Amino acid sequence: MKTTAIAGRAAGLRGEITIPGDKSISHRSVMFGALARGTTEITNFLQGADCLSTIRCFRDMGIEIENTPDRILVHGRGLRGLAAPSVTLDTGNSGTTTRLLAGILAGQPFPSVLSGDASLNSRPMKRIMEPLGRMGARIASVRGNGCAPLAVSPGQLHGIRYQSPVASAQVKSAVLLAGLYADGETTVTEPTLSRNHTELMLRGFGASVVSSQTDDGRASASIRPCEELYAQRIQVPGDISSAAYFIAAGLLVPGSELLIKNVGVNPTRAGFLKVCRDMGGRIECLNEKIAGGEPTADLLVSYSPLHGTTVEGDVIPTLIDEIPMIAVLAAYAEGTTVIRDAAELKVKETNRIDTVTENLLAMGGRITPTDDGMIIDGTGSLNGAEINSYLDHRIAMAFAVAGLAAEGETRIRESGCVDVSYPEFFRTLEQI
Ligand code: S3P
């Protein structure tokens, strides 16, 4: 097991970084490309372990995918062109692969089994089994515990109107993808809008998807079954969830000025920027443009003294993966930060309320875990410590950044887990 040491009290970070491709968009580009007619070309695809799991699963269903250093070519076989897999589809550590694929498999005329690693196979799948079951899908938890492995059998799907109790793009996407194979329109309503990459990209591939927002903030997306999707060219923007570590590093380390290039700033993902600014962080958006329906920008980040804030409500789904990093920023800030409405943290790669709390306490932070978040009393400094990543990529990276600004050395245990979403993370950190 690899441990990575981070020397504390880093000198000002300077330079220009390009962030690897967005994980959510990379997954979807391969999935929708596989279901489309023709060859989809993807550039700046994220070569992280999670997205490679998606590629592996579609190859196991007969889709030819060329993965070269400068582009991916997905030779799609149409909406009804997947072949029955002869193996269990291995989704690794990836919740997105598992849940979105379950929605696609529900509509196939062949049986299949999906299974991942120990973390993945302990995450809740009832949230997709329930709505897919209502559509007529036959999907069962093999061990009867509501988790993967999942066995999917052919079933006739019907359009439904589903009120999701959680704002989850994975749940929304699973239902919409099954909706491609249903006999009528399918609508998903969620309490607040979660990331909308599925809706944007499926529309680009030719599906009929309509999004709307009700006055009380609830968001709906509807899809109509279609005959075919058509191949696209997709340029994946840099992942704001990966950029978050370098934005935070630039804000925390005195004397820093970093230019972070080509970051996806879709409003359903960009809550981290708002919270950093609310805390006093100086982040300038430059060179804003739209690429493939997704807004992108270069971000110029300068060292800033930070103060506490409250993070709650509708903003939570737009920064759910960045909360470990926000907790670290809060520990270095002046005053108290309250994070609430974030019970979803408990069902990520680890229970992130627990893993953030344990590691911040180890560094001398003051944190109180709550049922749906955490309260952090900023102390302005942290001490280097041994960090348990528990194989959670976002915990490893958030605490590596915490270590940069700490007194003394920080050691990140099982640091190789960064490969899930950001294989070059430690090399890029060294470079700046
Ligand atoms: C993702 C959605 C989020 C996020 C995950 C990726 C996606 O999960 O935490 O890292 O690509 O749809 P939920 O939709 O379950 O909140």
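Which residues of the protein chain does the domain assignment give to domain 1, and which to domain 2? In this predicted model, domain 1 is made of two stretches, 3-21 and 237-431, while domain 2 covers 23-235. Taken over C-alpha atoms, the centres of domain 1 and domain 2 are 28 Å apart. Where these domains touch, domain 1 contributes 26 residues and domain 2 contributes 25 residues.

The size of an interface is often given as the accessible area lost when the parts come together. Here, domain 1 and domain 2 bury about 2200 Å² between them, with 48% of that area on carbon and sulfur atoms. On the domain 1 side, the residues that lose the most area to domain 2 are Thr268, Glu349 and Val420, which together account for 23% of what that side buries.

Polar and charged groups also take part. Three salt bridges are found across the interface of domain 1 and domain 2, along with 13 residue pairs in polar contact. The domain 1 side of this contact consists of eight nonpolar, eight polar and 10 charged residues. A salt bridge also joins the side chains of Asp321 and Arg195, at 3.4 Å from N to O.

Oxygen atoms of the ligand lie 2.7 Å from a polar side-chain atom of Ser24 and 3.3 Å from one of Thr96. Gln170 takes part through its backbone, with a polar atom 2.9 Å from a ligand oxygen. The protein covers 95% of the 380 Å² of accessible area that the ligand has on its own.

Methods:
Residues numbered from 1 in each chain as written. Predicted model: local features only at pLDDT ≥ 70, side-chain atom pairs only at ≥ 80, totals over all residues. Heavy atoms only, no water. Domains from an automatic or database assignment. Contact = heavy atoms within 4.5 Å. Buried area = accessible area lost by both parts, 1.4 Å probe. Salt bridge = Lys/Arg side-chain N within 4 Å of Asp/Glu carboxyl O. Polar contact = N/O pair within 3.5 Å; in protein donor to acceptor, adjacent residues only side chain to side chain. Nonpolar A, V, L, I, M, F, W, Y, C, P; charged D, E, K, R; others polar. Areas by Shrake-Rupley, 256 points an atom, 1.4 Å probe, with all protein chains shown as cover.
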